[in-house]
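User: I have just opened this one and would like a walk through it. Where should we start?
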Amino acid sequence: MQIILASASPRRKELLKYLGIEFDIIIPDIHEHARDGENPEDFCARISREKALSVKKGFQDSLIIAADTIVVIDGEILGKPKNRDEACSYLRLLCGRQHTVFTAFTILFPDGSNGITRIERSTVHFADMSEDDIIWYVSTGEPMDKAGAYGLQGIGAAFVDKIEGSFTNVIGLPLSEVYKCIKPYIIFKKDISGGIHA
């Protein structure tokens with residue numbers, strides 16, 4: 001059975017590879033804009049499902065995995081910064097405080113069912129950052145393609161004091177929960193070298 005990751009994120013690709021399964025990547029084509037009055041969790045879940053459905057149209061017999069991750073503080077969604085000034089302003093807002101990371105994931109199965117959409121929540125306690133820290137970190141370029149302007153799997157880990165909840169959820173895919181959902185659809189076999197293959 002073909003498994004498709006509906007995502008352009010290299011971080012989700014890397015996380016899913018940890019499961020030792022083969023999968024293809026198809027980048028979804030949707031507009032990621034919040035609707036009037038839509039709360040962050042509903043927005044995240046809707047975008048995740050729209051990503052999966054946009055890919056499913058051409059791959060009805062495949063298992064589709066899609067996800068959307070947002071950083072939320074004071075009820076505001078911090079997406080990917082548009083420029084360095086916005087990245088700096090995001091980091092000033094986060095430093096010394098805690099915020100919430102939501103990842104919604106959608107799995108569409110090849111049996112024609114409606115599939116599932118679930119939301120995982122993690123609380124991130126951010127360290128205090130000096131203005132020099134912020135300027136230096138933004139100058140590395142790492143924050144520019146990350147929701148909330150930081151990457152937990154990179155230099156940004158130096159500025160995270162504590163995480164409550166799933167670590168991989170903050171990176172972009174709650175791997176344990178995804179695995180539980182797709183496990184019944186996958187048969188694992190050991191090869192002679194001891195590797196695991198789906």
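Analyst: With a term: helices (H or I, at least four residues) and strands (E, at least two) are DSSP runs, numbered from the N terminus. L53, for example, is found in helix α2. This is a predicted model, where local features need pLDDT of at least 70, side-chain atom pairs count only at pLDDT 80 or more, and totals for chains, interfaces and linings use all residues. Residues are numbered from 1 along each chain as its sequence is written, and side-chain values use heavy atoms, with hydrogens and water left out.

User: Is L53 buried, exposed or partly exposed, and what does that mean here?
Analyst: L53 is partly exposed, because its relative accessible area is 41%. Buried means under 20% relative accessible area, exposed over 50%, and partly exposed in between (1.4 Å probe, protein chains only).

User: How far apart are the C-alpha atoms of L53 and A66?
Analyst: They are separated by 8.9 Å, and the two residues are 13 residues apart along the chain.

User: What span should α2 have, going by 1.5 Å a residue?
Analyst: The 17 residues of α2 should span 24 Å, and its end C-alpha atoms are 24 Å apart, so the two agree. The expected span is 1.5 Å times one less than the number of residues.

User: What happens at the start of α2?
Analyst: There, a side-chain oxygen of N39 comes to within 3.1 Å of the backbone nitrogen of E41.

User: Which residues of α2 are buried?
Analyst: Among them are P40, F43, C44, I47 and K51. The cover over the buried residues of α2 includes β1 (3-6), α1, β3, β4 (76-78), β5 (98-108) and β6 (116-126).

User: Why does K51 count as buried?
Analyst: Because its relative accessibility is 7%. Leaving aside neighbours within four places in sequence, K51 is in contact (heavy atoms within 4.5 Å) with A6, R12, P28, I30, E32, A66, A67 and D68.

User: Change of topic. What is the volume of the largest pocket?
Analyst: About 780 Å³. On a 1 Å grid over the protein atoms alone, a pocket is an open set of points where a 1.4 Å probe fits, with protein on both sides within 12 Å along at least five of seven lines; lining residues have an atom within 4 Å of a point. Grid points are joined across faces, edges and corners, and a volume is the space filled by probe spheres set on the points.

User: How many residues line the largest pocket?
Analyst: The lining has 34 residues, and E32, D68, T69, K80 and A147 lie nearest the centre. Elements giving two or more residues to this lining are α1 (10-17), α2 (40-56), β3 (63-73) and α5 (167-171). β3 gives the most, with 5 residues.

User: How do the lining residues divide into nonpolar, polar and charged?
Analyst: There are 17 nonpolar, 8 polar and 9 charged. Ala, Val, Leu, Ile, Met, Phe, Trp, Tyr, Cys and Pro count as nonpolar, Asp, Glu, Lys and Arg as charged, and the others, Gly among them, as polar.

User: Now backbone angles. What is phi of D74, and of A149?
Analyst: Phi of D74 is near 55 degrees, and phi of A149 is near 70 degrees. Most residues other than glycine have a negative phi.

User: Where are D74 and A149?
Analyst: D74 is in the loop between β3 and β4 and counts as exposed, at 59% relative accessibility. A149 lies in the loop between α4 (131-139) and β7 (160-164) and counts as buried, at 0%.

Definitions and conventions
Polar contact = N/O pair within 3.5 Å; in protein donor to acceptor, adjacent residues only side chain to side chain.
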